[in-house]
Amino acid sequence: MRSQFLTLLCILTFLSCAWGLADAVVSYFQTSAVSETPYVAGQRKKSDTDKEPKKYFEDRSSGDVPLPPDQVQVRLLSIAQFAYSLLTLIGAILMFRLRRIGFWVYIAGIVTGFVLTVSLAGFGALNTSFGVFFSLIFAGLYWTNIKEMS
């Protein structure tokens, strides 16, 4: 019997992977639109409001690394994201079925996502994609439930 915690982790992974797969497919087939999307930085007026703390939406931008304008690089990164999302999804499905091999497939997906992203776009691309970071956290959480899997 699967615990509620493992069920919740798997469902969250299903949702994340579905979003990643959809994003990868859109980026692959609409590469020109994605590469032409301009990076818009937040603009602030210089006044006494500069002493105020930043608002929530201003802190969320990763201002150093916009999307790459090169269509070839966007297409390659979408392939990397597709492979990463697909492997982690397969791993989550297997873990949902209480198969221990799913954990190792999930780890292989994380490694694939990290290696492909860094090899194709360098370490700067990791700033725009938090998927690998959260996957590492989830891998640790899955590890705590590995005794349930056969």
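1. Of the 150 residues in the protein, 29% are buried, where buried means under 20% relative accessible area, exposed over 50% and partly exposed in between (1.4 Å probe, protein chains only). This is a predicted model, in which local features need pLDDT of at least 70 and side-chain atom pairs count only at pLDDT 80 or more, whereas totals for chains, interfaces and linings use all residues. Residues are numbered from 1 along each chain as its sequence is written, and side-chain values use heavy atoms, with hydrogens and water left out.

2. The protein has 6 helices and 0 strands, and its elements run α-α-α-α-α-α from the N terminus on; helices (H or I, at least four residues) and strands (E, at least two) are DSSP runs, numbered from the N terminus. Among contacts (heavy atoms within 4.5 Å) between residues at least 6 apart in sequence, 77% join residues at least 24 apart.

3. The accessible surface of the protein comes to about 10100 Å², of which carbon and sulfur atoms hold 65%; such areas come from the Shrake-Rupley method with a 1.4 Å probe, and for residues only the protein chains shown count as cover.

4. Among the buried residues of H1 are Leu6, Leu9, Cys10, Thr13, Cys17, Gly20 and Leu21.

5. Helix H4 (residues 71-96), with 26 residues, reaches 37 Å from its first C-alpha to its last, close to the 38 Å expected. Its buried residues include Val74, Leu77, Tyr84, Thr88, Leu89, Gly91 and Met95, and just after H4, Leu98 takes a positive phi of about 65°.

6. Ile93 lies in helix H4 and is partly exposed, with a relative accessible area of 33%. The C-alpha atoms of Ile93 and Ile11 are separated by 9.3 Å, although the two residues are 82 residues apart along the chain.

7. H4 and helix H5 (residues 101-121) pack at an angle of about 170°, with their axes 7 Å apart, which makes H4 roughly antiparallel to H5. Axes are lines fitted to C-alpha atoms, for helices over the stretch in contact, and angles run from 0 to 180 degrees between N-to-C directions; angles over 145 degrees count as roughly antiparallel. The residues of this contact of H4 with H5 divide into 18 nonpolar, 8 polar and no charged, with Ala, Val, Leu, Ile, Met, Phe, Trp, Tyr, Cys and Pro counted as nonpolar, Asp, Glu, Lys and Arg as charged, and the others, Gly among them, as polar.

Notes
Expected span 1.5 Å × (residues − 1). Parallel < 35°, antiparallel > 145°, perpendicular 65-115°, else oblique.
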